[in-house]
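The structure comes first, and my notes follow below.

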Amino acid sequence: MLVDSHCHLDFPDFAEELDAVVERARAAGVGRMVTICTYLTRFERVLAVAERFPDVYCSLGVHPHQAQEEMAGVSVARLVELAKHPKVIGIGETGLDYYYDMSPRDVQQACFRLHIRAAMNTGLPLIIHTRDADDDIMRIVREEAAGQPVKGLLHCFSSGRQVAEDALDFGFSLSLSGIVTFKKSDDLRAIVKDVPLDRILVETDAPYLAPMPYRGKRNEPAYVAHTAAAVAAVKGVAAEEMARITTDNFFQLFDRVPRPGPGGA
């Protein structure tokens with residue numbers, strides 16, 4: 001069994017064949033999928049996808065790109081209230097993106113802080129997006145945590161070694177996407193080689209970042225098997241063992257998600 005810990009099944013890219021996409025994932029051995037919220041104003045649409053399929057769960061949050069647009073409707077109280085739904089298993093994706101700067105950095109940071117507080121309040125894991133924000137991402141987490149425990153992960157990890165070490169030291173996990181399969185990702189693979197096995201998850205970030213051999217095409221949850229196999233090769237373990245490890249890591253972190261029963265359901 002594999003888990004796609006981060007995809008966007010509510011996106012228009014999948015609208016015309018969502019049932020087929022989910023069925024292909026199941027056929028590829030993907031037993032759980034997490035469809036990720038990026039706009040709080042579109043949360044109901046994300047939740048509807050999770051409610052439609054028994055093996056799909058969702059998150060709740062505002063992507064840093066949308067922080068300026070969505071900030072007026074974001075509060076800790078609202079996030080905590082919406083997170084009571086049993087299909088909501090994480091807070092995010094949230095974080096900082098200084099590469100595109102689609103929202104002002106101070107607004108991104110303020111929005112991120114609200115999500116951290118909501119994660120601490122609910123006990124749900126924080127799903128963090130970070131790009132070109134190495135100096136601020138873990139500093140803000142530590143400031144908000146103030147010594148209290150926060151569960152979380154850096155999704156689609158492709159940052160530098162220092163960010164990885166800081167996140168791991170804090171207790172976070174790293175989720176790896178199709179980027180790890182790309183020919184020019186030697187630096188990332190060198191970091192992954194040193195990440196403890198019990199801190200690794202895999203994801204697609206579908207419809208983006210399709211792994212080799214599908215690079216350049218629309219990504220989908222079934223392709224997470226290629227990412228897991230690439231990580232297995234980096235770590236020197238069998239693909240089946242990496243599937244078991246990353247799946248167990250997912251259930252340890254996202255502990256609101258029930259583990260499959262003996263029949264796999």
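With which residue does D55 form a salt bridge, and how far apart are the closest N and O atoms? I found that D55 pairs with R26, with the closest N and O atoms 2.6 Å apart; I count a salt bridge when a side-chain nitrogen of Lys or Arg is within 4 Å of a carboxyl oxygen of Asp or Glu. The pair links distant parts of the chain, since D55 is in the loop between α2 and β3 and R26 is in helix α1, 29 residues apart. I note that helices (H or I, at least four residues) and strands (E, at least two) are DSSP runs, numbered from the N terminus. D55 is buried at a relative accessible area of 9%, whereas R26 is partly exposed at 31%; buried means under 20% relative accessible area, exposed over 50%, and partly exposed in between, with a 1.4 Å probe and protein chains only.

Before going on I recorded that this is a predicted model, in which local features need pLDDT of at least 70 and side-chain atom pairs count only at pLDDT 80 or more, while totals for chains, interfaces and linings use all residues. Residues are numbered from 1 along each chain as its sequence is written, and side-chain values use heavy atoms, with hydrogens and water left out.

I then searched the whole structure and found 20 salt bridges. One of them joins the side chains of D10 and R45 at 3.3 Å, N to O. D10 lies in the loop between β1 (2-7) and α1 (18-27) and R45 in helix α2 (residues 43-52), so this pair ties together parts that are 35 residues apart in sequence. At 10% relative accessibility D10 counts as buried, while R45, at 38%, counts as partly exposed.

Next I looked at R113 and E144, whose side chains meet in a salt bridge of 2.8 Å, N to O. R113 is in helix α5 and E144 in helix α6, 31 residues apart, and both residues are buried. Salt bridges that share partners join R113, R117, D136, R139, E143 and E144 into one network.

Last, I followed α5 itself. Its buried residues include V107, F112, L114 and I116, and what covers the buried residues of α5 includes β4 (88-97) and α6 (137-145). After α5 comes G123, whose phi is positive, near 80 degrees.

Note on methods. Contact = heavy atoms within 4.5 Å.
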